[in-house]
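Here is a short note to go with the model you are about to open.

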Amino acid sequence: MTATNLVSNNVAPNAAEYGGDEISALVLDPGYTVVRGGFAGEDVPKSVVPSFYAIIPSSQERRHVYGENAIHTPSPNIEIGNPISKNGIVEDWETAANLWEYAITSRLTNAKASNPLTNGLNEKTDELQQEMEGVETQERPLEENPLLMTETGWNTGKGREKPIEIAMENWGAPAFWLARSGVLSAFSAGKPSALVVDIGAASTSVTPVHDGIILRKGTTRSSLAGNYISDQLRQIFSSSQPPIPLTPHYLINSKTPVDAGAPSNATYRTFPPGTEPHPSFRALQEERILTEFKESVVAVWSPGRLGGHNQHGGTNLDLARTQAARPFEMPDGYNQLFGVERYRAVESLFDVKMAISDPSNPAPSPSQTLPALIQHSLSQVDVDIRPHLLANIVVVGGSSLIYGINDRLKQELEALYPGPRVRIFSPGNVVERKFSSWIGGSILASLGTFHQMWISKKEYDEHGPGIVEKRCK
């Protein structure tokens with residue numbers, strides 16, 4: 001920032017140039033599964049919208065419909081899409097912009113006023129016609145709100161410039177800032193320096209943060225995350241004898257209770273030929289069942305590795321078979337007690353030898369496991385700050401809520417690093433764990449000293465979208 005643009009903390013910022021305390025900044029945190037949006041300074045995001053959207057064919061075109069209800073209603077020929085790829089990078093910018101705008105306007109900003117020419121409340125006169133010319137183009141969703149957006153630590157150059165372009169030109173935002181999600185997760189835990197382990201749906205990432213700056217060289221990621229655990233569960237269910245059915249709720253008309261392990265007794269819904277939902281719709285509904293299964297049944301084995309031996313000389317697999325099993329009922333009424341399977345599904349996040357693989361789902365490499373990611377990340381940073389990062393490991397992300405994952409990670413790291421102290425910080429509150437980067441953004445954007453950091457519309461007009469690379473390090 002040039003000296004002429006610096007503003008004293010004692011001087012109220014110009015509303016047209018900066019987003020100060022008196023202006024409600026918005027924080028938008030787009031992820032692979034959900035988009036989180038809300039006002040800076042609040043505890044939780046008010047708007048949580050699925051990143052998935054419905055594609056509904058009509059006579060003229062394929063309509064895109066956003067929101068929870070749209071993606072879970074089995075409309076004829078409905079298809080499901082996602083503008084964000086599994087590595088967290090936006091692939092379809094037009095759809096992503098529409099989805100983010102929906103997340104903002106549906107819950108956070110007021111809907112646009114209807115056109116007086118077409119709302120039936122006014123007579124159409126030439127005078128009114130002249131007054132309304134150009135008004136539609138002036139009404140934009142963010143004209144009064146600066147916007148802070150989050151990004152992954154491995155975002156591309158285009159992926160950094162496009163959000164400010166959308167915010168400034170499409171939404172009319174007066175100011176903008178782009179922040180790394182790893183840094184914000186560290187801030188949400190109250191730590192300027194931390195090793196942030198984010199276990200999400202599509203990917204797991206390890207981000208070293210030092211004094212609020214991301215250490216790019218040490219950022220590592222892997223696809224062993226929530227969706228991978230779901231794939232492991234699918235293979236466990238299909239290889240069971242007999243195979244365990246995975247029938248989504250929308251295909252069930254009615255069901256009758258059955259004993260554990262007995263075949264289901266349900267009547268199924270049928271669709272007229274040519275109107276069946278697309279396979280992508282079924283895959284999303286199956287994922288809802290698997291998410292519920294992960295939340296209520298799946299657990300991480302501890303102590304030691306599931307494929308190893310225990311202190312009594314026996315194998316941990318045999319010991320796991322003696323542990324209390326957990327019941328689970330499928331939507332069609334099939335129910336079963338799950339014992340060792342509930343540990344097996346997640347074990348390959350730590351030990352790839354326990355991965356269940358087939359030709360379409362090859363086994364992961366040892367470098368993709370959680371301990372290996374952390375080890376590689378630490379090897380890329382200065383040796384002097386490694387003990388400090390090990391003592392400040394922040395574990396976040398929806399998939400980190402699987403029971404026992406923190407205890408097991410601590411054991412694995414203590415075995416790798418017997419000298420330094422290993423401390424893991426992980427919010428006990430589910431909301432804080434799932435929305436950590438949004439909460440960090442809410443804290444940052446509400447700080448009184450942050451108003452000097454915003455990229456103003458004036459600066460954007462002068463320098464173009466490339467200013468993001470220079471300012472948002």
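1. Let's begin with how the chain folds back on itself. Among contacts (heavy atoms within 4.5 Å) between residues at least 6 apart in sequence, 68% join residues at least 24 apart. Please keep in mind that this is a predicted model, in which local features need pLDDT of at least 70 and side-chain atom pairs count only at pLDDT 80 or more, while totals for chains, interfaces and linings use all residues. Residues are numbered from 1 along each chain as its sequence is written, and side-chain values use heavy atoms, with hydrogens and water left out.

2. The protein chain has 17 helices and 19 strands; these are DSSP runs numbered from the N terminus, with helices being H or I of at least four residues and strands E of at least two. Of its 473 residues, 51% count as buried (buried means under 20% relative accessible area, exposed over 50%, partly exposed in between, with a 1.4 Å probe and protein chains only).

3. The largest nonpolar core holds 62 residues, and Trp100, Leu147, Leu148 and Trp171 touch the most other members. Helix α2 (residues 93–107) gives the most to this core, with seven residues. A nonpolar core here is a set of buried Ala, Val, Leu, Ile, Met, Phe, Trp, Tyr and Cys residues joined through side-chain atoms within 4.5 Å.

4. Leaving aside neighbours within four places in sequence, Trp171 is in contact with residues including Leu28, Ala97, Trp100, Ile104, Leu147 and Ile166. There is also a second, separate core of 44 residues, with Leu195, Ile229, Ile289 and Ile393 among them.

5. Two cis peptide bonds deserve a look. One runs from Gln241 to Pro242, with omega near -10°, and Pro242 lies in the loop between α7 and β13 (252–256). Another runs from Ser302 to Pro303, with omega near 5°; Pro303 sits in the loop between α8 (279–296) and α9 (316–321).

6. Which residues have a positive phi although they are not glycines? Asn77 is one, at about 60°, in the loop between α1 (68–72) and β6 (79–81). Asn77 counts as partly exposed, because its relative accessibility is 32%. Asp211 is another, at about 50°, in the loop between β10 (204–210) and β11 (213–214). Asp211 has a relative accessible area of 56%, so Asp211 is exposed.
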